[in-house]
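Trainee: I am new to this one. Can we go through its aromatic rings together?
Mentor: Gladly. Here it is.

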Amino acid sequence: MSLALSSTALAQERLRVGEQSSGMKVETTIAADFVSEYIWRGLKCGDVAVQPTLGVGYKGLSLTAWGSYGLSNKDDVKEFDLTLAYTIGGLNIGITDYWFSEGLDPDARYFKYDAHGTNHLFEANIGYDFGPVALQWYTNFAGNDGTNKSGKRAYSSYFEASVPFRLVTVDWSATAGAVPYATTTYGTTGFAVTNLTLRATKDIKVTKSFSIPIFGQVTANPCAQKAYLVLGFTLQPSH
């Protein structure tokens, strides 16, 4: 999970620093977001938080670690995600292992994968970036997933379309996301629009060689009748 984006999508839009090793170009991602609220797919998951990213990639294949840790509320759930992804052209596929400090296991053991007692949630995704618009689909297939109206595993799913654009000197993106059917994971009883987000990002120059991306976004969740204004900034190494 991440600020309105999945950890997969977030990792894909990071600035990557190329390193030459034995003639092979290995891409390394090191970054940290600081956010006023943790909003994910139209759902509030926490208050002020730091969200670090660490990843490596080679020829379209990447492994990324992403986390979220509350800074203002000690009761916020801690999160640690691992995403294995592959991108070729506009196509991307991936699998994410989400882990939370709260769930079916009261002891919050990371290496407990019992189907009925784990705090892990496994999700698969597939998407395509057409340039003017990017489409993405996500489905939970194992772990601590929500239930449907019958009380059975919902295989909770979410899909979204996002459109990037530039206005004056600011990078913008508009995202619309929906849940196709009932699941307690997203709090839906059927098809529901859960995420309408408008996000702006601007690099603030600190020195000649260092700048800090500042971002703001407005997110509305029509299904839950909620709206959020989020501000944040990113720290990451320069080239």
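**Aromatic rings**

Mentor: Tyr110 is buried, at 19% relative accessible area. This is a predicted model, so local features need pLDDT of at least 70, side-chain atom pairs count only at pLDDT 80 or more, and totals for chains, interfaces and linings use all residues. Residues are numbered from 1 along each chain as its sequence is written, and side-chain values use heavy atoms, with hydrogens and water left out.

Trainee: Why is Tyr110 called buried?
Mentor: Buried means under 20% relative accessible area, exposed over 50%, partly exposed in between (1.4 Å probe, protein chains only). Tyr110 has 19%, so it counts as buried.

Trainee: What makes Trp99 and Tyr110 a tilted pair?
Mentor: Rings of Phe, Tyr and Trp (its six-membered ring) pair if their centres lie within 6.5 Å; planes under 30 degrees apart are stacked, over 60 edge-to-face, the rest tilted. Here the centres are 5.7 Å apart and the planes 55 degrees. That makes the pair tilted.

Trainee: Is Trp99 buried or exposed?
Mentor: Buried, because its relative accessibility is 13%.

Trainee: Why is the pair of Tyr110 and Phe111 called edge-to-face?
Mentor: The centres are 5.1 Å apart, with 80 degrees between the planes. That angle is over 60.

Trainee: How do you know that Phe111 is exposed?
Mentor: Its relative accessibility is 70%, so it counts as exposed.

Trainee: What makes Arg41 lie over the face of Tyr138?
Mentor: A charge sits over a ring if NZ of Lys or CZ of Arg is within 6 Å of the ring centre and within 35 degrees of the ring normal. Arg41 is at 4.1 Å from the ring centre of Tyr138.
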